[in-house]
Amino acid sequence: MTIQPVQSFKLLDGTTIPWIAWGNGTGQAQKDAVECGHLAIESGIRHIDTAQLYKNEKETGEAITKSSLSRDDIYVTSKISCNDDEPVPLDKVAGSIQESIDRLGFVPNLYLVHSPYVAKPGELKALWRILEDFKSQGKLQSIGVSNFRPQDLETILDGAKYKPVINQLEYHPYTLAHLQPLLELQASHGILTASYGTLSPVLRHPTGGPLKPVLERIAERISKVVGKKLDANIVLLLWTRAQGVVVVTASGNPDRIKALGEIATLPDLLEQDEIEEIARVGKGIHYRHYTEHMENEFPLPNLPCE
């Protein structure tokens, strides 16, 4: 089959990462990780995001094996996660990472610490050093983090041999004001952001807030440009790419998965003033769906949620 090119971003370790990933962490995508993952690949997605927590690393590997592409054609992200909501003891971390690799059947392109709470209090730096050791030995490739607040990043950056290449977190226009100090810290170290919950302003916010009419107006304009119906979801995804942010989005719906494959290769359709307007409007609201990590000991902005 013909492999359609998908835009990628360069990471600080010199590798590249496709801008959009199909994630298998929720709903039907999690339950049917082989079939849905296979469909995602055949539809044009070149990046799959999984984790220990999702309990389908083995199925992620099987989806790639089942596809018409080779392992080298697919970028894979996985994560070391808490064990039944409990931190991973330091003496179990190396074994846990190796179990991820064994379940996948290969070394993932990117391996993340799923949250700072994977480590016991006071052990985050030591946990990161174990990932660094795996990387030094060639047992891991790129390494990064997820759901890390400024203080968590600063902890592991202090004396780090390898900086995390990515911090994966809930990112969309309604989180921009809160995330600003974190994003500035990341930028100063060359750490990219990967986004989950990207579509929360459309799919989860009770009303859609002030962004809704803006996104719908832009969707109407770009629909005329490409000659087919594009919706507010697609505008949000393209806006996120325009920020230099990787998108991780999960779906177990076959039609939606096929649509993601088409979105993966879309050209840049947003105008600069539209990109800026979405950010400006988003910064006037604070709304996040996943609050358990980023709203703990990380001061919230004094903003309305609608």
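## Basis of the model

This is a predicted model, in which local features need pLDDT of at least 70 and side-chain atom pairs count only at pLDDT 80 or more, whereas totals for chains, interfaces and linings use all residues. Residues are numbered from 1 along each chain as its sequence is written, and side-chain values use heavy atoms, with hydrogens and water left out.

## The annotated residues

His-114 lies in the loop between strand S6 (110-113) and helix H5 (124-136); here helices (H or I, at least four residues) and strands (E, at least two) are DSSP runs, numbered from the N terminus. With a relative accessible area of 11%, His-114 is buried, a word that stands for under 20% relative accessible area, while exposed stands for over 50% and partly exposed for what is in between (1.4 Å probe, protein chains only). The side chain of His-114 makes a polar contact with the side chain of Ser-81 at 2.8 Å. A polar contact is a pair of N or O atoms within 3.5 Å; within protein, one must be able to donate a hydrogen and the other to accept it, and residues adjacent in sequence count only if both atoms are side-chain atoms.

Tyr-54 is found in the loop between strand S4 (47-49) and helix H3 (57-66), and its 13% relative accessibility makes it count as buried. Not counting residues up to four places away in sequence, Tyr-54 touches Asn-24, Gly-25, Gln-30, Asp-49, Lys-79 and His-114, where contact means heavy atoms within 4.5 Å.

## Ser-146 beside His-114

Ser-146 lies in strand S7 (residues 142-146) and is buried, with a relative accessible area of 1%. Its side chain reaches the backbone oxygen of His-114 at 3.4 Å. Leaving aside residues up to four places away in sequence, the residues that Ser-146 touches include Leu-112, Val-113, His-114 and Asn-167.

## Aromatic pairs and charges over rings

A pair of aromatic rings is described by the distance of the centres and the angle of the planes. Rings of Phe, Tyr and Trp (its six-membered ring) pair if their centres lie within 6.5 Å; planes under 30 degrees apart count as stacked, over 60 as edge-to-face and the rest as tilted. By this rule the count comes to two aromatic pairs. Tyr-171 and Trp-239 form a stacked pair, with 5.9 Å centre to centre and 20° between the planes. This pair links distant parts of the chain, since Tyr-171 is in the loop between strand S8 (166-170) and helix H7 (176-189) and Trp-239 is in helix H10 (residues 232-242), 68 residues apart. Both Tyr-171 and Trp-239 are buried.

The rings of Tyr-196 and Tyr-290 have centres 5.4 Å apart and planes at 75°, so this pair is edge-to-face. Tyr-196 counts as buried at 16% relative accessibility, whereas Tyr-290, at 24%, counts as partly exposed. Elsewhere, the charged end of Arg-71 sits over the ring of Phe-106, 4.0 Å from its centre, and Arg-241 lies over the face of Trp-19, at 4.7 Å from the ring centre. A charge sits over a ring if NZ of Lys or CZ of Arg is within 6 Å of the ring centre and within 35 degrees of the ring normal.

## Helix H10

Ten of the eleven residues of H10 are buried, so this helix is largely enclosed by the rest of the structure; among the buried residues are Trp-239 and Arg-241. At the start of H10, a side-chain oxygen of Asp-231 reaches to within 3.2 Å of the backbone nitrogen of Asn-233. H10 is followed by Gly-244, whose phi is positive, near 75°.

Most residues other than glycine have a negative phi. Lys-55, however, has a positive phi near 60°; Lys-55 is found in the loop between S4 and H3 and counts as exposed at 68% relative accessibility. Asp-85 also has a positive phi, of about 70°, although it is not a glycine. Asp-85 lies in the loop between strand S5 (75-80) and helix H4 (90-104), and with a relative accessible area of 71% Asp-85 is exposed.
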